[in-house]
Amino acid sequence: LRSFVPGSHAAHAVSMIAALAVNALLPGAPPPQTTATRRGLLGGFAALVAAPAASHAVSARTGLSSVFTGEYDDPQHPGCLRSIKVGGAPMLPSGRRSRNPQAAIAGVDSACDARPEVSAVWKLTGSVAESGESIAIDFSPKGGPKDLLGVWEGDGIKFPDGNKWTKVPNGTPSRRPASLATLNSD
């Protein structure tokens with residue numbers, strides 16, 4: 001059984017249900033002394049029903065704790081930079097944060113046998129799913145689809161066309177522009 005915070009809707013609902021059950025089973029028992037309203041009882045019941053679902057919720061991770069943060073090998077562009085950094089979730093118009101963290105994706109597509117110039121690095125944006133198992137990348141600045149879905153598959157990101165970016169465990173510092181120690185999302 002779950003433990004409930006005293007004074008919470010869920011704890012109140014449990015105590016009400018118990019009191020009503022005792023009253024129903026023991027005809028001579030006095031009626032439960034409560035000032036509970038129907039709204040309070042229903043709110044508590046809703047909390048009881050929602051608690052198991054909330055306990056299994058998974059939230060997408062950011063920074064180094066995200067499986068997507070890192071540098072990758074792209075078989076369609078051997079030796080070229082592919083970098084993803086997952087940051088925080090954006091603020092919504094409602095004033096709340098989105099449940100989907102944003103990602104900054106950077107790379108180059110040619111002359112990959114040497115360190116690229118900063119001007120050769122393209123930058124894209126993406127959004128990690130709340131489950132943390134997929135990422136939608138906006139390739140439209142490069143002439144591709146707006147929300148290309150990549151799914152985490154073992155050691156990398158699998159795209160619908162069958163291409164898979166494989167994560168390089170210690171990164172690929174030799175593929176970054178010489179003038180930058182790290183790539184930022186500016």
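**Strand pairing and aromatic contacts**

Strands E5 (residues 134–138) and E6 (residues 148–153) pair in the antiparallel sense over 4 bridges. The model is predicted: local features need pLDDT of at least 70, side-chain atom pairs count only at pLDDT 80 or more, and totals for chains, interfaces and linings use all residues. Residues are numbered from 1 along each chain as its sequence is written, and side-chain values use heavy atoms, without hydrogens and water. Helices (H or I, at least four residues) and strands (E, at least two) are DSSP runs, numbered from the N terminus. Pairing of two strands requires at least two DSSP bridges between them.

Ala 136 has Leu 149 of E6 as its bridge partner. E6 also runs antiparallel to strand E7 (residues 156–158), joined by 3 bridges. Here Val 151 is bridged to Lys 158 of E7. E6 and E7 form a hairpin with 2 residues between them. Gly 154 in the turn has a positive phi of about 70°.

The whole structure contains 5 aromatic pairs. Rings of Phe, Tyr and Trp (its six-membered ring) pair if their centres lie within 6.5 Å; planes under 30 degrees apart are stacked, over 60 edge-to-face, the rest tilted. Phe 68 and Trp 152 are edge-to-face, at 5.7 Å centre to centre and 85° between the planes. Phe 68 sits in the loop between helix H2 (38–55) and strand E1 (70–73), 84 residues from Trp 152 in E6. Phe 68 is buried at 0% relative accessibility. Trp 152 is partly exposed at 22% (buried, under 20%; exposed, over 50%; partly exposed in between; 1.4 Å probe, protein chains only).

Tyr 72, Phe 139, Phe 159 and Trp 165 form one aromatic cluster.
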